[in-house]
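Here is a quick tour for someone meeting this structure for the first time. Have a look at the sequence and the model, then read on.

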Amino acid sequence: MTNANDKQAFLMKLSGPARSALLHENITSLETLAAYSEKEILDLHGVGPASIPTMKKLLAEEGYSFKQQG
């Protein structure tokens, strides 16, 4: 069983501002992150384009991806 700390471990691989932005939106797991589109995440204050490749890689490693816009 995965505990909350394991689910949040991905946050430590992001920059401080990006991590804070996700936490502010209560995005604390990759599953939750996958419910957002790339644009929605980029619209968060503190998340820059340099964070997106890292997030995509972390999502893909667990079988997730960003929600498709549309």
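Lys57 pairs up with Glu61 in a salt bridge, and their closest N and O atoms are 2.8 Å apart. In this predicted model, both residues sit in helix H5, four residues apart, which is about one turn of the helix. Lys57 is exposed, at a relative accessible area of 53%, while Glu61 comes out as partly exposed at 46%.

## The other salt bridges

Side chains of opposite charge can pair when their charged atoms come close. The count here comes to four salt bridges. One of them joins Lys39 to Asp43, with 2.9 Å between the closest N and O atoms. Lys39 is partly exposed, with a relative accessible area of 44%, and Asp43 is exposed at 53%.

Another runs from Lys67 to Glu40, where the closest N and O atoms are 3.5 Å apart. This pair ties together distant parts of the chain: Lys67 belongs to the segment after H5, Glu40 to helix H4, and 27 residues separate them. Lys67 is partly exposed at 38% relative accessibility, and Glu40 is partly exposed too, at 34%.

## The nonpolar core

Now for the inside. The largest nonpolar core has 18 residues, and those touching the most other members are Phe10, Leu14, Leu22, Leu33, Ile41 and Met55. H5 gives the most, with four.

Which residues does Phe10 touch, leaving out those up to four places away in sequence? They are Leu22, Ile27, Thr28, Ser29, Leu30, Leu33 and Leu58.

## Two loop residues

Ser37 lies in the loop between H3 and helix H4 (38-42). Is Ser37 buried or exposed? Its relative accessibility is 3%, so Ser37 counts as buried, the cut-off being under 20%. Setting aside neighbours within four places in sequence, Ser37 is in contact with Phe66, Lys67 and Gln69. Lys67 is also the residue that forms the salt bridge with Glu40.

Asn26 is found in the loop between H2 and H3. Asn26 is exposed, with a relative accessible area of 56%. Look at its backbone as well: Asn26 has a positive phi of about 60 degrees, although it is not a glycine.

Definitions and conventions. Residues are numbered from 1 along each chain as its sequence is written. This is a predicted model: local features need pLDDT of at least 70, side-chain atom pairs count only at pLDDT 80 or more; totals for chains, interfaces and linings use all residues. Side-chain values use heavy atoms; hydrogens and water are left out. A nonpolar core is a set of buried Ala, Val, Leu, Ile, Met, Phe, Trp, Tyr and Cys residues joined through side-chain atoms within 4.5 Å. Buried means under 20% relative accessible area, exposed over 50%, partly exposed in between (1.4 Å probe, protein chains only). Contact means heavy atoms within 4.5 Å. A salt bridge is a side-chain nitrogen of Lys or Arg within 4 Å of a carboxyl oxygen of Asp or Glu.
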